[in-house]
Structures are given as structure tokens and as C-alpha cells.
Amino acid sequence: MSRRATLTGGAGAVAALGLATATPAGAAVPAPAASALSAGPLAVGGSTRSVTLGAPRGAARPLSSGGGLEVVAVSVDGGSMVGVVFPGGTSATSVAVRVRRAGGEPSAWSDLPLNDSEPDPGTADAHEHTTGSDPLWVGELGPGATVEVQLPAGEVGRARLEVVDPGAARTTTLLAAPAGLAPATPLGTAGATVVPLGTATTSTTTLAAAAPTIRSRAEWGADESLRKGSPGYSPTIKACVVHHTADGGSYSQSQVPAVIRGMYRYHTVSLGWSDLGYNFVVDRFGGIWEGRAGGTTRPVVGAHAGGFNAETFGVSMMGDFTSVAPPAAMLESVARVIAWKLALHGLPAVGSTRLRSAGGGTARYKAGTEVTLRIVNAHRDVGFTACPGNVGFTKMDQIRSRVAQLMGGATTAATAISAKYAAIGGAAAIGAPTSAEGPARSGGTYRHYQVGSIYHSTATDAHVVKGDIREKWKALGWEGGFLGFPLTDETPLPGGAFNHFEGGSVYWSPRTGARAVRGLIRDKWASLGWETGFLGYPVTDEVPLPGGAFTAFEGGSVYWSPRTGAHVVKGAVRDAWGARGWEAGRLGYPTSDEFAVDGGLRVTFERGSITWNRRTGAVTVRES
């Protein structure tokens, strides 16, 4: 789930989501009857309070309006997760909420993009036309709290605030899994003999990956009476889709089961889906949890990637990774569960597959379109969405590489390079070979051609590097330098091109040349829109400094140190800071990006601040 505002269909492009029967304003949603997969309601507790924001009387009251937006306040008692739903669809692209606990100050506003995961059309999950925001974990609100919702004024009449109490799981009373369902606990190491898709080879490879620890639905306290109907199954699994939940709220390790119960209740009660949308969820501490019911070893159809839920499985990272990177423990667990599941279904970590789109509101391809996809995809590869977040997306090649390592590779290097050369068009693309295939560092292989090279390792697959990007990579030590092996082919951009590598990226444009960007500086740049943001292309490589580093871009610079993180400095503020000795001067490293203050903009530093006056253009330097 993530930024629905990126839909190319515009404001009118809404998803066909399901919804439970509408509930009067302020009323608690009753627990549904037992589903076909449970013997009866479970003693888990929890509730969903649904409040109509446009009701003339009741718990909701208008607070303010202006600029086409309206703020509505809702009095609540308790609950830990909130979301906004539009039963008849909406032209809005996002809403915002903030909470105020009794006697306290309001929280900061949290933007809630409208839900861009969805069931496939025609499934049991997609029985009604409803749009809902992503849910936000706010922690226990307590009695006398207020939730404020900011949304387009014209949409207030059709909107409802959903306040979810996930309940306190009492696992000793949970029922056993219904007869006939595969157990949630992994069955052990899997192996299968396959020929990797898209690879010209007559050899076969046995794929295997150790089974990770996957915590069952019972362990997070799933109230199985909330599920509707029976699980759906695909004939097989062909690919994986990686998500983030886009929930910017923070959670402790002990709260993880409650957060999952909240998402489950929101998906089933508020959106009307038959179950939790994701097949697996991974918390920021590295815990792997069973999502949708039906058996972790089986090809269960989820509701995570509209148009491509059949023959895929969804793994969602719990958090919002638009501007921050997923923790290392989370990325490792994501790779481990993907490697295990791929091996279980006889799939290699690298290569491609063919899937047919079922269409739908957020699907990138219309119904019936047959599409070639990678084995491991980001949600944005198949849908109009920013999921799994701008920074999360930069970790996809790292995930693929780690999956390949865990699975031990799936092709020989020679075959991979030959197949890659043929796949890109051979001599028409990069000329004739100028060397034999030779050994590269760390067990890889390469071959040079007239206008490029193909490098391969078992962890990265085979990729093309050419032109000025190859020259920069060469200058930095080829695959033996900090960049390592390439993770992508050279990819064209408006006005330039790039290659991602294991240790960073090289971006090129004719006006800036080829420059290497890596680490937290690259993550910061990614969060601001890469080369299409105000920073533009890099104009230097990463430059080491005493205690830190920086990279200069066309529109400013990103400075990093381990004690301050990565922050942007630009314009008159950067000029004034530079005149005082940059990071070696009295002010030290920046501790914030540029932010608005009365009459201008300000950047804080380790020992002071610089403020720019919008009216006069003057800068004021304060040292502490």
C-alpha cells in the first residue's frame, strides 16, 4: 500500500474495493457470524467504530474549512488504529488525520494515501465499490480522545472514520486451524528441479532455501470469525510482489501482533475483504508473520496487488518507507521468506515469468494483457503506486541479490552471459565480443564487447554496463570496488541514464557526467525524487570528509555524518554556510533539511542555524 496520488488515471481513478454493510454514525460494528472456516466466534475481542463525517448530528463536528479542505473532529473513547473510507468511491487522492488524547496536545498531521492494494475484479473480496485510506497505527487513544480528519470539502458527505480496537488476543482460547488447511509452520527445506525462465540452457538446478521461522495467525491473535468464505488458490506460484504498509505510525516489538490484528480487522470489517490482504507481513524487528489464511506452503490468492493476485504471493514490510530505509533485520527476513517460498514452488531468484493481468482500478495493465515480469517485483512494477516507498524501492535489488545468495544461484555464469547478450539483441545492442568470458572477482564472470560489458554473479544475475557509466565504474575498481557487481542494466532517463550496483548507483547526464551515489546520501536523494526532484543529477561523486561525506547535485548538496544523518543544504543558506568553513567551521554539519519559518526558510546545524528571508533575500546566521 502507498501513494495512490501517483495513479495515472487521475482523481477519478478509484479502486473497486469491498465494504461491510454501512453502520450508523457512532455505532460499534458487531462481530460477524462464524465463517465457513471456523467452528464459531473466537474470544479475541476488538471492535470497529464507524462514524459518518458528514452526519448533521452525532460524534462528528466540523472544525474549520478553507482552500477547498475541511477539518472534521470526531470524539472517540479508545481504539489504536484509524482510517477513512468512502463507501461510494471518491475523487480524493489522500486524506490526513491527527489525534489528540484527553488533556494533551494534537499530534502532527499524518497523510493517509488512499489504498492502492486491492483484490482482483470478480473475486469474493471485490464485491462492492469502496475506496479506503491506508490505516494508521496511533497506539491506545484512551477515553476522551479526539481524531481530526482533513479532506476535500466536497467529499465529507460520503466519508466515514473507522476507529479500530484490535482487541487483546487470548491465544489459549483460539481454535485450531480448520481441517484440510495446511499448517502455518513451515514444513522444512524445500527443493525442486527447474530450468530458470528465459534462460537458454539444457542443464537443471536444484533450488533450495532454509525454512525461516514464520509466526502463525494464532500467534498474532487472528479472530478467524472475521474471515469470509474459503481461501482461494492458484494452480501455482510464478512471482512475488513486495509491499510496504505505508503506515507511518511507530510500534514496539510487543505491539506487532496488535498492529496486524488492526490491519486484519480494517481489511475485513472496514473494507469488506474476505481476509488480510497480504500473504506475509514482516515487522521492523525481522519477525515474519503469516498473513492471509490458507497455508503458508500453498499458492493462496491474496488481495495485495490488483490485477496480479493470482499466481503471486505478497510480502509486506510493516512501515512507511517513502523517506526512510527499511531496517536491515526487516530486509533480511523479507529475503528469507521470499527465497523459501520461491524454492518451495520451483522458482529461481532471477529471471522472468509471464502473467496475465486481471485489470482493476490500480492495475498497471488492462484486463487480459499478458505481461513479462521479474520473479521478484515491487508493487509499483505491477500497479500505479509508489509502493514500497521511494527508499524502499531502492532496496529491491538488494533483496533480489540476497534471495539469490540464499538460494545458491540458478544458472551458470557462461549461460547467463550468453543468454543476456542474446536477450538484448546481441551485436546490434553492444557490438561484437572483444574478449572471451573470463573470471571476475568474488566468483563472477564477465565479457567485454565493442560498446559495453556484461557482468554476472550468482547473486546479481547478468547485467549490461556501457559508456561513461562503465568508465566511472572502472575508475572505482570495477566489481572489486565499493560498488560491486551491477544490479541493473543501463537504464535510460529523461536527459540521462543510470546503473544500480550492489554498493550504490552511477548516474549520468551529458551536462554532469557520470557520478557515483551511495548509502544514506542516495537514500535522501531518492526520497526527494531522484534526478526529477529539485536536486537534479549529481555533479560530484560522494566526497569523504573528516567525520562524514557529501555529494553535490545540480540543485544543492547532501551532507552526511553518523551523528547527524543525511540532510540537504542549498541556495543562499549553502553559500552562507560555505563562507563560514562548511562542516569544518563553527556551525558543523547540518542537522535538518530546509524548513519553513515565519517569513522564510531555515536550516539547523550542530552549533547554530542559518535563516533566509524570503522578502529581502538576506541570511541570518546564529551560532550557539
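## Strands, cores and backbone geometry

Strands β31 and β32 form a hairpin, with 2 residues between them. The model is a predicted one. The two strands, β31 and β32 (residues 556–561), pair in the antiparallel sense over 5 bridges, and the bridge partner of A549 in β32 is W560. On the other flank of the pairing pattern, strand β30 (residues 543–545) is joined to β31 by 3 bridges, again in the antiparallel sense. L545 has G548 as its bridge partner in β31. β30 and β31 also form a hairpin with 2 residues between them, and G547 in that turn has a positive phi of about 85°.

Strand β31 (residues 548–553) is largely enclosed by the rest of the structure, because 6 of its 6 residues are buried. In a regular strand, side chains alternate between the two faces of the sheet. Both faces of β31 are covered: G548, F550 and A552 are buried on one side, and A549, T551 and F553 are buried on the other.

An open sheet is formed by 4 strands in the order β22-β23-β24-β25, with antiparallel pairing. Its edges are β22 (438–439) and β25 (461–465); each has a single partner strand, so one side of each is left without a neighbour in the sheet. β22 pairs with strand β23 (residues 445–449) over 2 bridges in the antiparallel sense. Within this pairing, Y446 in β23 is the bridge partner of G438.

The largest nonpolar core has 56 residues, and I260, V315, I338, L342 and V403 are those with the most contacts inside it. Helix α3 (residues 328–344) supplies the largest share of this core, 10 residues. Leaving aside residues up to four places away in sequence, I260 touches W220, L276, V281, W289 and M318. A second, separate core of 25 residues includes L112, A145, L151 and L161.

Helix α2 (residues 256–270) has 15 residues and reaches 20 Å from its first C-alpha to its last, close to the 21 Å expected at 1.5 Å a residue. The helix α2 is mostly covered, with 15 of its 15 residues buried. G272, which follows α2, has a positive phi near 80°.

E311 lies in the loop between β17 (288–290) and β18 (312–317). Its relative accessible area is 17%, and E311 is therefore buried, the cut-off being under 20%. Not counting residues up to four places away in sequence, E311 touches S234, P235, T236, I237, K238, A239 and L355.

Most residues other than glycine have a negative phi, and most peptide bonds are trans. The table lists backbone angles that depart from this pattern.

| Residue or bond | Backbone angle |
|---|---|
| D461 | phi near 70° |
| C387 to P388 | omega near 10° |

D461 lies in strand β25 and counts as partly exposed at 23% relative accessibility. W478 is found in the loop between α8 (467–475) and β26 (491–493); this residue, W478, is partly exposed as well, with a relative accessible area of 22%. The peptide bond from C387 to P388 is cis, and P388 is placed in the loop between β21 (376–378) and α4 (390–394).

Conventions:
Residues numbered from 1 in each chain as written. Heavy atoms only, no water. Core = buried A, V, L, I, M, F, W, Y, C linked by side-chain atoms within 4.5 Å. Buried < 20%, exposed > 50% of the residue type's maximum accessible area, 1.4 Å probe, protein only. Contact = heavy atoms within 4.5 Å. Expected span 1.5 Å × (residues − 1). Pairing = 2+ DSSP bridges.
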